Amino acid sequence: AGGVDVPYPRANAGLLEAVAAHGSLVSGYEPGTPPTRARFVERSHLLAAMSLAVVVVEAGPRSSALVTVRRAHELGRPVLAAPGPVTSATSQAPHQLIRDSVAHLVTNTQDVLDVLATTPEGDPAHV
């Protein structure tokens with residue numbers, strides 16, 4: 001939600017450095033740009049657009065993950081959700097997405113791969 005050099009939350013600075021050393025960091029903002037509330041929504045849209053699918057593992061009923069889910073759904077990306085304990089507040093969104101048939105139920109990596117195999121973008125010959 002900010003520049004690639006601005007870790008948020010600050011406790012994630014080590015994770016940011018590890019990803020930079022072994023992968024790629026992407027931002028729609030120039031370095032030094034601080035995160036703001038509106039930029040989190042824009043980041044969710046970027047995540048959905050760059051993803052072959054969105055997997056929700058934990059999210060409360062008002063989680064910002066649902067912004068990413070909504071955008072992914074609009075873009076025709078598969079949405080997947082892993083169920084959790086019914087007593088956990090962070091299981092509410094995944095359970096609701098499954099119940100509303102917005103998300104495919106997934107319980108392991110193979111479930112994710114199976115859903116991806118049904119999409120043109122997930123076909124290894126397409127990539």
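## Close-up views of the predicted model

The axes of helix α2 (residues 37–50) and helix α3 come within 8 Å and cross at roughly 45°. The model is predicted: local features need pLDDT of at least 70 and side-chain atom pairs count only at pLDDT 80 or more, while totals for chains, interfaces and linings use all residues. Residues are numbered from 1 along each chain as its sequence is written, and side-chain values use heavy atoms, with hydrogens and water left out.

**View 1. The crossing of α2 and α3.** Axes are lines fitted to C-alpha atoms, for helices over the stretch in contact, and angles run from 0 to 180 degrees between N-to-C directions. The two helices, α2 and α3, are therefore oblique to each other (angles under 35 degrees count as roughly parallel, over 145 as roughly antiparallel, 65 to 115 as roughly perpendicular and the rest as oblique). The crossing of α2 past α3 is right-handed, the near helix being turned clockwise from the far one by less than a right angle. From α2, Val41, Ser44, His45, Leu47 and Ala48 meet Val67, Thr68, Arg71 and Ala72 of α3 (contact means heavy atoms within 4.5 Å). Helices (H or I, at least four residues) and strands (E, at least two) are DSSP runs, numbered from the N terminus.

View 2. With a relative accessibility of 9%, Thr68 counts as buried (buried means under 20% relative accessible area, exposed over 50%, partly exposed in between, with a 1.4 Å probe and protein chains only). Not counting residues up to four places away in sequence, Thr68 touches Ser44, Leu47, Ala48 and Val54. The side chains of Thr68 and Ser44 make a polar contact at 3.2 Å. A polar contact is a pair of N or O atoms within 3.5 Å; within protein, one must be able to donate a hydrogen and the other to accept it, and residues adjacent in sequence count only if both atoms are side-chain atoms.

**View 3. Arg39 of helix α2 and Tyr29 of the loop between α1 (13–22) and α2.** Arg39 is partly exposed at 22% relative accessibility; Tyr29, with a relative accessible area of 22%, is likewise partly exposed. Although Arg39 and Ala1 are 38 residues apart in sequence, their C-alpha atoms are 4.9 Å apart in space. Beyond residues up to four places away in sequence, Arg39 touches Ala1, Tyr29, Thr33 and Pro34, and the Arg39 side chain reaches the backbone oxygen of Pro34 at 2.4 Å. Leaving aside neighbours within four places in sequence, Tyr29 is in contact with Ala1, Gly2, Gly3, Arg39 and Glu42.

**View 4. The buried side of helix α5 (residues 109–117), with Val112, Val115 and Leu116.** These three residues lie on the same side of α5, because they cover an arc of only 100° around the axis, the arc being that of the directions from the helix axis to the C-beta atoms. Strands β1 (54–56), β2 (79–81) and β3 (104–105) are included in what covers the buried residues of α5.

**View 5. The whole protein, with 5 helices and 3 strands.** Along the sequence, these elements follow the pattern α-α-β-α-β-α-β-α. Of the 127 residues, 26% are buried.
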